[in-house]
Amino acid sequence: MSKSIMKPGPITLDVVGQELNAEDRRRILHPLTGGVILFGRNFKDRKQLTKLTADIKKLRPDVLISIDHEGGRVQRCRTDGFTHLPAMRKFGELWLAKNKSSHAAESAALAMAAATACGYVLAAELRACGVDFSFTPVLDLDFGRSGVIGDRSFSRDPQIVFALAKSLNEGLRLAGMANCGKHFPGHGWAEADSHVAIPVDERSLQEILNDDAKPYEWLDLSLTAVMPAHVIYPKVDQNPAGFSEVWLHSVLRQELGFEGVIFSDDLSMEGASVAGSVVKGAEMALDAGCDAVLICNQPDLADQLLSNLKVSKTKQTESAVRLNRLMPSNPALSWTELQNEAQYQHAKGLLQQLKLIG
């Protein structure tokens, strides 16, 4: 299927197990489907993962195969040769580490080089197994308040978060993978975990724009996708950011000039429950400015969405153009080819030398 006729729909859904069943196939073939997100349960080993992704692409070459693969505690593929990547906080710590022989600027430069190496290893290994895209990097600031963010954050300092995320994104790009900044405008201040509760952040719009949202502003054109937070910022809007036209249209699209893909966070999470039914939630998210909505771990809700979601042709065409830009930009190396590639060996060597990986 050529890129010119690729028409991914606005729904990203998951599959049940380690191989496709008839229900998975039916859902993937539905014209409203545009992406498949994989989880730890979908991974046994590299051979099985590569077959699963190939089977998905045989059905629908235009769907984006994605995964949450950040490093640290959020990494779905951990065995059979996959590199155990560090939590992003490690790069922030490296940035701030001043030893006798190094100047502060040298520590920062080394941290940026390491983040680029991490991005390259992350993307190259996934792509060798047929995965197109990872929902990374986390741009949330670490205020020391959010357990669900914690060491997934590079730093409390937005300048450090920006520089390290840009470096990580460069590594992803070198391996042909797009990036996704999350969770806009920031999940680091709210204490509740939006997987199981509805977090609230009482700060003003200006406070958030001057601090948490800065990495999004500075990354600018190099940011290819954004995932908003299931957090309510009552001084800005009564709806969580992912359902808020103020946040997604007025702030992200207009004020910050973001032209990439906006993904909703998972509509089955508790933080999305304020929207009501899953169909209502998807409609609200798309109306607010999302291009794609995620529905995970609940096949019955995915079926409700596929059966009942109405999306205008104009909206779907506009979003499909954006989604197509997230497709890998070059052919992937096989796993064997990757092991022998100088760039990959160099990237892993740097991470090992810095004791960021084993």
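This report walks through the sheet, some helices, the nonpolar cores and one glycine of a predicted model.

## Ground rules

Local features need pLDDT of at least 70, side-chain atom pairs count only at pLDDT 80 or more, and totals for chains, interfaces and linings use all residues. Residues are numbered from 1 along each chain as its sequence is written, and side-chain values use heavy atoms, with hydrogens and water left out.

Helices (H or I, at least four residues) and strands (E, at least two) are DSSP runs, numbered from the N terminus.

## The sheet

Eight strands form an open sheet. Their order is β6-β3-β2-β1-β10-β9-β8-β7, with parallel pairing; two strands pair if DSSP finds at least two bridges between them. β6 (133–134) and β7 (181–184) stand at the edges. Each has a single partner strand, so one side of each is left without a neighbour in the sheet.

β2 and β3 (residues 64–67) run parallel, joined by four bridges. Leu38 has Ile67 in β3 as its bridge partner. Helix α2 lies across β2 and β3, at about 175° to β2. Helix α9 (residues 278–288) also packs on the sheet. α9 touches β9 (261–266) and β10 (292–295), and its direction makes about 150° with that of β10. Axes are lines fitted to C-alpha atoms, for helices over the stretch in contact; angles run from 0 to 180 degrees between N-to-C directions.

## Helix α1

Helix α1 spans residues 22–29. Its buried residues (under 20% relative accessible area, 1.4 Å probe, protein chains only) are Asp24, Arg27 and Ile28. Seen down the axis, they fall within an arc of 100°, so they line one face of the helix. The arc is that of the directions from the helix axis to the C-beta atoms.

The cover over these residues includes β1 (11–13), β2 (33–38), α2 (46–59) and α10 (299–308). At the start of α1, a side-chain oxygen of Asn21 comes within 3.0 Å of the backbone nitrogen of Glu23.

## Nonpolar cores

A nonpolar core is a set of buried Ala, Val, Leu, Ile, Met, Phe, Trp, Tyr and Cys residues joined through side-chain atoms within 4.5 Å. The largest has 97 residues. Ile11, Leu38, Ile56, Phe91, Ile295, Leu305 and Leu351 touch the most other members. Helix α4 (residues 104–128) gives the most to this core, with 13 residues. Another core, of 17 residues, lies apart from it, and includes Phe39 and Phe133.

## Gly71

Gly71 is found in strand β4 (residues 69–71). Its relative accessibility is 4%, so Gly71 counts as buried. Gly71 touches (heavy atoms within 4.5 Å) Leu85, Pro86 and Ala87, not counting residues up to four places away in sequence.

Key
Buried < 20%, exposed > 50% of the residue type's maximum accessible area, 1.4 Å probe, protein only. Polar contact = N/O pair within 3.5 Å; in protein donor to acceptor, adjacent residues only side chain to side chain.
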